[in-house]
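User: Could you walk me through this one? I'd like to start with the ligand and then move on to a helix.
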Amino acid sequence: MIRTILVATTNPGKLEELTALLGQASRDIKWLSLKEFPDIPEMVEDGETFADNARKKALGYANAAGLWTIADDSGLVIDALNGAPGVYSARYAADECSSSNRKTMDRANWEKVLRQLKDIPDKKRTARFVCHLCLASPQKILLETTGTIEGVINHCPVGENGFGYDPIFYISFVDKTAAQLDNHEKNGISHRGNAIRQFKPLLENLLKQ
Ligand code: IMP
């Protein structure tokens, strides 16, 4: 039986990364994205945790579309900032920058982090990216995984690739910032890649039931 799964994103990069790996769980999945459902209103991400937001989006869109739905929520957790920016990662500097341009907002966000960590020594600059991934039917949560990648906040931006906080996120085991990795290298070790890799066998099992 063909199972249709909605991926709760309009971002083609995210859709491709997810379906490339999870598509291997079964050939019988038909993938749709929110592009196919322009009339469904956007779910507000007002949870206190990444898991809250991913669950809310997965259940909300599953309900609205009447389809199994995968949603994720991710962000940066910095120990010296008591977990900030956390669920506010996308618009952490909204108090000082109101741009709707993503690159401008991304830069304002990491500049704010660098300012806040100005006097924090290297060994206290530990941080991680976290991604919570959730599959829901219109009735209930079916599967969830969390992926992380550990790093240290650099003192200045390095690298041109990626997005968000990548230029200031230094990963010691590759001796590069996330912005110095190409897409393929990053997916191989990233929080999102890790969450998706844990998710795949669980989805395989679910589809066999
Ligand atoms: P989203 O939940 O994937 O939309 O991510 C929310 C925010 O977290 C993004 O706007 C970025 O600021 C930050 N973020 C999440 N994943 C990454 C990443 O892989 N690199 C850099 N920033 C990220």
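User: How far is a nitrogen atom of the ligand from an N or O atom in the side chain of Arg192?
Analyst: In this predicted model, where local features need pLDDT of at least 70, side-chain atom pairs count only at pLDDT 80 or more, and totals for chains, interfaces and linings use all residues, that separation is 3.5 Å, a polar contact being a pair of N or O atoms within 3.5 Å. Residues are numbered from 1 along each chain as its sequence is written, and side-chain values use heavy atoms, leaving out hydrogens and water.

User: How much of the ligand's accessible area does the protein cover?
Analyst: The protein covers 88% of the 470 Å² that the ligand has on its own, with areas taken from the Shrake-Rupley method with a 1.4 Å probe.

User: And which element gives the largest share of the shell?
Analyst: That is S3, with three residues; strands are DSSP runs of E with at least two residues, and helices are runs of H or I with at least four, numbered from the N terminus.

User: Switching to H1, what caps its N-terminal end?
Analyst: Asn11 does, through a side-chain oxygen that lies 2.8 Å from the backbone nitrogen of Gly13.

User: Which residues of H1 are buried?
Analyst: In H1, which spans residues 12–22, they are Glu17, Leu18, Thr19 and Leu22, where buried means under 20% relative accessible area (1.4 Å probe, protein chains only).

Note on methods: Buried < 20%, exposed > 50% of the residue type's maximum accessible area, 1.4 Å probe, protein only. Polar contact = N/O pair within 3.5 Å; in protein donor to acceptor, adjacent residues only side chain to side chain.
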